[in-house]
Protein chains: 2
Amino acid sequence: MHVETLEWAGGRPGHVRMIEQTLLPGRHEVIDVATVEEMFAAIRRLAVRGAPAIGVAAGYGVLLGTQDLAGASGDEVLARTRATCERLAESRPTAVNLFWALNRMRTRAESEHAAGRDGDAILDALFAEAADIHAGDRDTCRRIGEHGAALIQDGWTMLTHCNAGALATGGMGTALAPIYVAHEQGKRVSVYADETRPLLQGARLTAWELMQAGVPVTLITDNMAGRVMFEGRIDAVIVGSDRIARNGDVCNKIGTYSVAVLAARHGIPFYVAAPLSTFDPDLAHGGLIPIEERAPEEVTEGFGSRTAPEGVAVYSPAFDVTPAELVAGIVTEVGLIERPDTARVEHALALGGRLQTAG
Amino acid sequence: MHVETLEWAGGRPGHVRMIEQTLLPGRHEVIDVATVEEMFAAIRRLAVRGAPAIGVAAGYGVLLGTQDLAGASGDEVLARTRATCERLAESRPTAVNLFWALNRMRTRAESEHAAGRDGDAILDALFAEAADIHAGDRDTCRRIGEHGAALIQDGWTMLTHCNAGALATGGMGTALAPIYVAHEQGKRVSVYADETRPLLQGARLTAWELMQAGVPVTLITDNMAGRVMFEGRIDAVIVGSDRIARNGDVCNKIGTYSVAVLAARHGIPFYVAAPLSTFDPDLAHGGLIPIEERAPEEVTEGFGSRTAPEGVAVYSPAFDVTPAELVAGIVTEVGLIERPDTARVEHALALGGRLQTAG
């Protein structure tokens, strides 16, 4: 029902089919990515974006770099795997999921090689590993969707910010997953999408993928969210996250914090949907999260024409931090962390095997 | 020190010199407007905008239509005055200040004519009236600036939304006037300007005029205001207003309400600067103010290229209402209305002669 951001096509040898996201929302084009260099370019130009989707793409990218080695030695397959991982790691050096997926692929090849498997067996293992990365992501999204859908009542209107949807993952998304599942379940659910300046992920991506899925969506500029809440149009907010501290403070796209403050004023529950992999147990609280500053041109020339005076000073933090006290709950693949605090986050991480419990 | 939006040039006969605001911020061009039709076109294409500035332009427009009548009869001058007013009234039929200024000009001509003055005497009176409209606006802005500057401490950073500056008036503006006066007084004052989607008045106009005046300004997208406050960068907020109810509820550009809610969370005072003419004593509270809805294209194609899917639903209220409880004070030409409520607003309106007091 939701769009498929990318998938493996054609068996062995095969290729990746992916939505060319740089053309959205004007054109919906699906491209074939058949070589490591094509995948490198696709990741670099943001044809595929969103941490989970990049991880899936990286796994498949390793297959593109090795699948021609049928019949080759284990040494050859391992060497090619390593070289391909090194190359793909340079495509987007700040994407944590990229390294995580490439590590999984390389480690799998190394352990198969160490166990004395031949080249074809290592290739089999790589295909299985890439498929497993994708299946794991799909499964995580679906579980988030099911846990989150339980919070959504028939007839509700949700507000979301940025894009944490199918286009950002190998599955049905994170923030949008509960909406897709509620829609599947026959609940009437509709969405207000903040356009999300400066890069307009809400206007370009969230509005587009919800329309594709037949979920009613209304686009607003970011500064309209307060008025829309004031008018009683919103029942709940749901957003994704880039990083969550151990106490439940949520780092997400700039503007999320404003939405959370506005929701609090109007008594509207503010939910975050994120896989456990988003949590960073080493961060005691959100104040420790460094906030990337983006290029001024994204603000002053964001639409192909200059909209601000030459030489004007710009401040453009890419993310903000929403304190846990404003968060009604974090929806994860192991369930809802209600009114998150350190103890509840630790409990969920332990459930998911991401943290050893003391007790 | 601030830019001059428009002025009468060349004596009698003369013409209007005005900044061609449709070219900002890319080009700073001053145009000569010498005929009624040129003024009509300038108002219509928004070369001059902002309620007070339109009023001043309309007054001068009547001079452009009548100044060739030196030596003509009183009947001729009155007839031409009426015809010019009728024509200019069609330039922007929703601009209340346009009608207010045209009424002043026509009424002046009528009363001079009724008193038996000849054509030249009526022309003298029209020149005096237009100059008086402009001088009154300048004076109001300056008084707002002085009352407001008293609130601004040395070293403060202000946040503003939209453009309520010199470019919107015949003087130094409303929201920006206190900043200009504080700057004149030698206080170090700097500004964060919200870009103000959808029409980007903050990016295009506020940032530009503050740079022209040498006031340090930093541009942000609307959804960054919360983060900027969270980081402790803002000492006070000041905005203009389109309409203020008798209880102090403030109608202003969409997004103002969000800024007010964010300011309240951070304990930052939220000020409004507006002339008494902005108050509507017939409106008991802001809930009675009708909110205009704007065309979807301003959101989906605001920058010369389409940034949202074809056919997407858009909700685009042009204004919002900030409840008086969030307003630390309203700066007017007769002083500060602190923590506005109905009694305090009525007191200020009576001071300004805009309301009869019962006591």
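## Extent of the contact between the chains

In this predicted model, the contact between the two chains draws on 57 residues from chain A and 57 residues from chain B. Together chain A and chain B bury about 4,500 Å², of which 65% lies on carbon and sulfur atoms. Of the area that chain A buries against chain B, 17% comes from Asn223(A), Arg227(A) and Tyr315(A), which is more than any other three residues supply.

## Polar contacts and composition

Between chain A and chain B there are 4 salt bridges, and 22 residue pairs are in polar contact, counting those with both residues at pLDDT 80 or more. A salt bridge joins Arg197(B) to Glu195(A), with the closest N and O atoms 2.6 Å apart.

On the side of chain A that touches chain B, the elements giving two or more residues include helix H7 (201–212), helix H8 (225–230), helix H9 (256–265) and strand E13 (319–322) of chain A. Sorted by class, that side of chain A has 32 nonpolar, 14 polar and 11 charged residues.

An open sheet of 8 strands runs in the order E12(A)-E6(B)-E5(B)-E4(B)-E7(B)-E10(B)-E14(B)-E15(B), with mixed pairing. Its edges are strand E12 (313–314) of chain A and strand E15 (335–338) of chain B, each of which pairs on one side only.

Where the sheet passes from one chain to the other, E12(A) and E6(B) pair in the parallel sense over 2 bridges, and Ala313(A) has Thr218(B) as its bridge partner in E6(B). Strand E6 (residues 217–220) of chain B also pairs with strand E5 (residues 190–194) of chain B, again in the parallel sense but over 4 bridges; here the bridge partner of Ala193(B) in E6(B) is Leu219(B).

Strand E9 (residues 250–253) of chain B pairs with E13(B) in the antiparallel sense over 4 bridges, and within E13(B) the bridge partner of Val250(B) is Thr322(B).

Key:
Residues are numbered from 1 along each chain as its sequence is written. Chains are lettered from A and ligands numbered from 1 in the order in which they are written. This is a predicted model: local features need pLDDT of at least 70, side-chain atom pairs count only at pLDDT 80 or more; totals for chains, interfaces and linings use all residues. Side-chain values use heavy atoms; hydrogens and water are left out. Two strands pair if DSSP finds at least two bridges between them. Contact means heavy atoms within 4.5 Å. Buried area is the accessible area (1.4 Å probe) that two parts lose on being put together, summed over both. A salt bridge is a side-chain nitrogen of Lys or Arg within 4 Å of a carboxyl oxygen of Asp or Glu. A polar contact is a pair of N or O atoms within 3.5 Å; within protein, one must be able to donate a hydrogen and the other to accept it, and residues adjacent in sequence count only if both atoms are side-chain atoms. Ala, Val, Leu, Ile, Met, Phe, Trp, Tyr, Cys and Pro count as nonpolar, Asp, Glu, Lys and Arg as charged, and the others, Gly among them, as polar.
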